[in-house]
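I opened a new notebook page for this chain.

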Amino acid sequence: MPRAIYLLSLGVFAMVTSEFVVAGLMPQLAGGLGVTVPQIGYLITAFAVAMAAGGPVLTVALMRQNPKTALMVLFAIFLAGNVLAATASDYGTMLAARIVTGVAAQAFFGIAVSLTAQLTRPEVRGRAIAVVMNGLMLGTLLGLPLATVVGEHFGWRAAFWAIGALAAAAALATLAGVPALAPSADGGTFREELGVFRTPRLWLALSTSTLVIGATFSAFSYFTPILTEVTGFAGSTVPLLLVAYGAATVVGNLVVGRLADRHTVPVLVTGLALNLVFLAAFALLADLPAPAVVAMLGIGLVGVTMNPAMVTRVQRAGNARPLVNTVHSSFITLGVILGSSLGGLVIETSGLRAPLWLGAGLAALGLLTVLPELLRRPAPAPAMQPCA
């Protein structure tokens, strides 16, 4: 595996840590900025919306740059957003900082995945994408708790400075270790880049990704209240359970990465079916500690870990260029927004088990978007189209 793949994973790790840091520092941020905790929650939504809407726009603006230059520009924008967050004196400034970092993070994901496709052979591309996506898993497992610890001991501003330092280190490593590949001559014009989105198969693959992530985040977003108020765990135990969940995502991501290239659609069908089972089991048995923990870890193994298979399917349906990959990241982010927001709505009407049932329903819908491709007459997997 090229060393550059691991360096791209480090960049993803920094961006994901920034994405989730607000969730771990809500009381401190609310006190420091003089606003309520729900208003701080909107900063998470703003980051996600900026990723989904702004990431593809920034990717288009960087389309003609070579991938390494584009990544360095995105690091610079991301660092500027983190400095703005660390020095924010009011809520409006912090909101602007979250929008800036969200847009840069989304474009970074898309270009990093596209560059991974350029740096690796098609037969190992899924495995390479899994390595890059491990930055996402480790950002959840290690980045968020570490940033939270820094914020609790040294203040919330220190957490943003620490993320900025991590991003600067990742940028320097990228500058030194990622090759400067020229943009491919077959990258096409912007109109040609958009032309691939006329493919129905691509839209079906994108919708699957939204449903996979939506199913997972409808549950993940509310693990803490479910585990404390329904299952009965002490609040001090929940962080340990979440670390175990994060470890399960790392393991699942590596397994899916090994299988994604040769068994893309079967992996997605298996993952969605198992996720449906785990979500329904969690909903039914949430009041029993042992089954609840097993179900939660199962969701970690087969939820967000479908990323390598999802990326591989989207690239085969469209291409491996930055715009397709960034739009795909936006559909993944849309799943986060839908899962967390709809989960909150059903809690208000039906209680804390409701988001688990919602997740099971979304997983079932996801299966419906994959089964037609699985049932189609077997044929050799099409080669991925060239990337920019």
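I counted 16 helices and zero strands in the chain (DSSP runs, H or I of at least four residues for helices, E of at least two for strands). Next came the radius of gyration: 20 Å, close to the 21 Å of the globule rule for 388 residues, so the chain is as compact as a globular protein of that length. That radius is taken over C-alpha atoms, and the rule is 2.2 Å times the number of residues to the power 0.38.

I noted that the model is predicted: local features need pLDDT of at least 70, side-chain atom pairs need 80 or more, and totals for chains, interfaces and linings use all residues. Residues are numbered from 1 along each chain as its sequence is written, and side-chain values use heavy atoms, without hydrogens and water.

I looked up burial. Buried residues make up 55% of the 388 (buried is under 20% relative accessible area, exposed over 50%, partly exposed in between, with a 1.4 Å probe and protein chains only).

Then I searched for aromatic pairs and found nine in the whole structure. Rings of Phe, Tyr and Trp (its six-membered ring) pair with centres within 6.5 Å; planes under 30 degrees apart are stacked, over 60 edge-to-face, the rest tilted. Phe 197 and Trp 203 form a tilted pair, 6.1 Å between centres and 55° between planes. Phe 197 is buried at 13%, while Trp 203 is partly exposed at 39%.

Phe 220 and Phe 223 have centres 5.8 Å apart and planes at 80°, so I logged the pair as edge-to-face. Phe 223 is buried at 1%; Phe 220 is partly exposed at 23%.
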